Amino acid sequence: MSDVPAFARGLCDDAAVFPPGLAPLADAVPAHRRHRSAPYAALVGPLVLPATALDQLYPLLTGTAGPLEVSITAPNGPAQAAKAVETAARLPVKVHAVEVTVPAAMTARDLFRELARIDVPVFVEVPRDERCGDVIAALADSGHRAKLRTGGVRAEMYPDERELAAAVASAVEAQVPFKATAGLHHPVRNTDPETGFHQHGFLNLLLATDAALCGGAVGDLEGVLAERDKDTVAAAVHDLGEAHAAAVRLGFLSFGSCCITEPLTELMGLGLVPSSLLPGKGATA
């Protein structure tokens, strides 16, 4: 049985090639292989790659054992996603999902008509505009999943607590599982000392999902997302227990991390995962 607790299993998608990490593909692929064979492997989701990287992937996979599990981002929309799936079919990879951005001029109806020709799981990045409600409603009918943006390289890419709380509440109410993308660099809500960006905590997001599943209002979720005390957040996650945490994770599926060992080390420091998962790294305060 895995030493990774239920709340953390499959929680961290490997987004090493994206900002701020920007790892070269030639480094990211073998590093991902190492993560997937490490004691903490149960924490690690697929390697997230942009569709444009697929043409460079084949030479890095020849002679390796087993297919590489990938999630493919398609920032240009469903046409790019469909082409990426075709390209991936010729590679020794297993496509976990494609992650599609909705083009600015595209309606939810047009989007889902085009997604019908994609035969792998799809995450749709929910637009932060008037189309948000329509897209989440369409996701509920389609069986696809949502992707919520939680940050980026500019301050305006970070939704505030109220906006993110409303998005989580809408997804949970519609029974649409979601993942989160960008900006979740630490377990608990914080302000980055270098950029000044107010960053959401991935454990806050987990707890906000639990609050929504328990019938909490948007204001309740907003308060959970705003909590900055590490001990308070860690205690709440611990108190979920294994069975309940696993149920919450059916709603909040994962988030992208550009460095897998950083969230792992911080979770060790909070006493939420055993230090034995990362040999040579003792728990920190």
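This is a predicted model: local features need pLDDT of at least 70, side-chain atom pairs count only at pLDDT 80 or more; totals for chains, interfaces and linings use all residues.
Three aromatic pairs turn up in the structure. One of them brings Tyr158 and Phe197 together in a tilted arrangement, with 5.3 Å from centre to centre and 50 degrees between the planes. Tyr158 sits in the loop between β6 (145-149) and α6 (161-173), while Phe197 belongs to the loop between β8 (190-191) and β9 (198-199), so this pair ties together parts that are 39 residues apart in sequence. Both partners, Tyr158 and Phe197, are buried.

Another pair, Phe202 with Phe255, is stacked: the centres are 4.5 Å apart and the planes make an angle of 20 degrees. Here, too, distant parts of the chain are linked, as Phe202 is in helix α7 (residues 202-213) and Phe255 in strand β10 (residues 252-257), 53 residues apart. Phe202 has a relative accessible area of 1%, so it counts as buried, and Phe255, at 0% relative accessibility, is buried as well.

Now to helix α11 (residues 261-269). Pro263, Leu264, Thr265, Leu267 and Met268 are buried in this helix. In an α-helix there are 3.6 residues a turn, so residues three or four places apart point the same way. The cover over the buried residues of α11 includes α7 and β10, the two elements that hold Phe202 and Phe255. Strand β1 (12-14) is also among the elements covering them. Just past the end of α11, Gly271 adopts a positive phi of about 75 degrees.

Between Pro19 and Pro20 the peptide bond is cis, with omega near 0 degrees; Pro20 is part of the loop between β1 and α1 (25-36). Ala182 is another non-glycine case, with phi near 75 degrees, and it lies in the loop between β7 and β8. Its relative accessible area is 23%, so Ala182 is partly exposed.

Technical notes
Residues are numbered from 1 along each chain as its sequence is written. Side-chain values use heavy atoms; hydrogens and water are left out. Rings of Phe, Tyr and Trp (its six-membered ring) pair if their centres lie within 6.5 Å; planes under 30 degrees apart count as stacked, over 60 as edge-to-face and the rest as tilted. Helices (H or I, at least four residues) and strands (E, at least two) are DSSP runs, numbered from the N terminus. Buried means under 20% relative accessible area, exposed over 50%, partly exposed in between (1.4 Å probe, protein chains only). Contact means heavy atoms within 4.5 Å.
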